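Here's a quick briefing to read alongside the model. Have the sequence and the 3D view open as you go.

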Amino acid sequence: MKVTEIMFSGLAAKQYTYFFNKENNTTIKISTESKEGITFVTIDFSDTHIDLALSFMYKIGEIQEGLRIDRELLLPIGKYPLPSKEEEN
């Protein structure tokens with residue numbers, strides 16, 4: 001299943017997806033696209049169990065809202081590192 005959402009920060013979405021995949025042994029993939037200054041994030045859940053997918057969507061929505069309020073684009077890098085180029089592919 002794929003879902004496309006407008007998000008405040010595509011980078012934070014990448015950070016959280018990487019963290020979530022490591023913590024839950026999942027293979028959720030995301031891609032970002034910017035159109036007219038709006039960030040669209042497509043999330044591919046592939047074979048992720050529905051409970052984990054719902055948990056992921058709830059938390060990423062909560063994170064994005066917090067970032068929007070605080071006007072931040074990144075999560076704390078120590079807890080939520082960005083994946084290396086090799087890990088993205």
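Predicted model: local features only at pLDDT ≥ 70, side-chain atom pairs only at ≥ 80, totals over all residues.

Residues are numbered from 1 along each chain as its sequence is written, and side-chain values use heavy atoms, with hydrogens and water left out.

**Aromatic rings**

- There are seven aromatic pairs, counting rings of Phe, Tyr and Trp (its six-membered ring) with centres within 6.5 Å.
- Take Phe45 and Phe56: their ring centres are 5.8 Å apart and their planes sit at 85°, so this one is edge-to-face (planes over 60 degrees apart; under 30 is stacked, and the rest are tilted).
- Phe45 is in the loop between strand 3 (38–44) and helix 2 (50–70), and Phe56 is in helix 2, so the pair ties together parts eleven residues apart in sequence. Helices (H or I, at least four residues) and strands (E, at least two) are DSSP runs, numbered from the N terminus.
- Both of these Phe residues, Phe45 and Phe56, are buried (under 20% relative accessible area; exposed is over 50%, partly exposed in between, with a 1.4 Å probe and protein chains only).
- Ring pairs join Tyr16, Phe19, Phe20, Phe45, Phe56 and Tyr80 into a cluster.
- Over at Phe40, the charged end of Lys35 sits over the ring, 5.7 Å from its centre (the rule wants NZ of Lys or CZ of Arg within 6 Å of the ring centre and within 35 degrees of the ring normal).

**Salt bridges**

- The count is two salt bridges, each a side-chain nitrogen of Lys or Arg within 4 Å of a carboxyl oxygen of Asp or Glu.
- Glu62 and Lys59 form one at 3.2 Å, N to O; they are three residues apart in helix 2, about one helical turn.
- Glu65 and Arg68 form another at 2.6 Å, N to O, and they too are three residues apart in helix 2.
- Glu65 is partly exposed at 37%, and Arg68 is partly exposed at 39%.

- Leu11, Leu73, Leu74, Ile77 and Leu82 make a nonpolar surface patch of about 430 Å². Patch residues have over 30% relative accessible area and no salt bridge, with nonpolar side chains (Val, Leu, Ile, Met, Phe, Trp, Tyr) joined within 5 Å and like charges within 9 Å; areas are Shrake-Rupley with a 1.4 Å probe.
- Leu11 belongs to helix 1 (residues 10–24) and is partly exposed at 43% relative accessibility.
- Asn21, also in helix 1, is buried at 16%.
- Leaving aside neighbours within four places in sequence, Asn21 contacts Thr26, Thr27 and Ile28 (heavy atoms within 4.5 Å).
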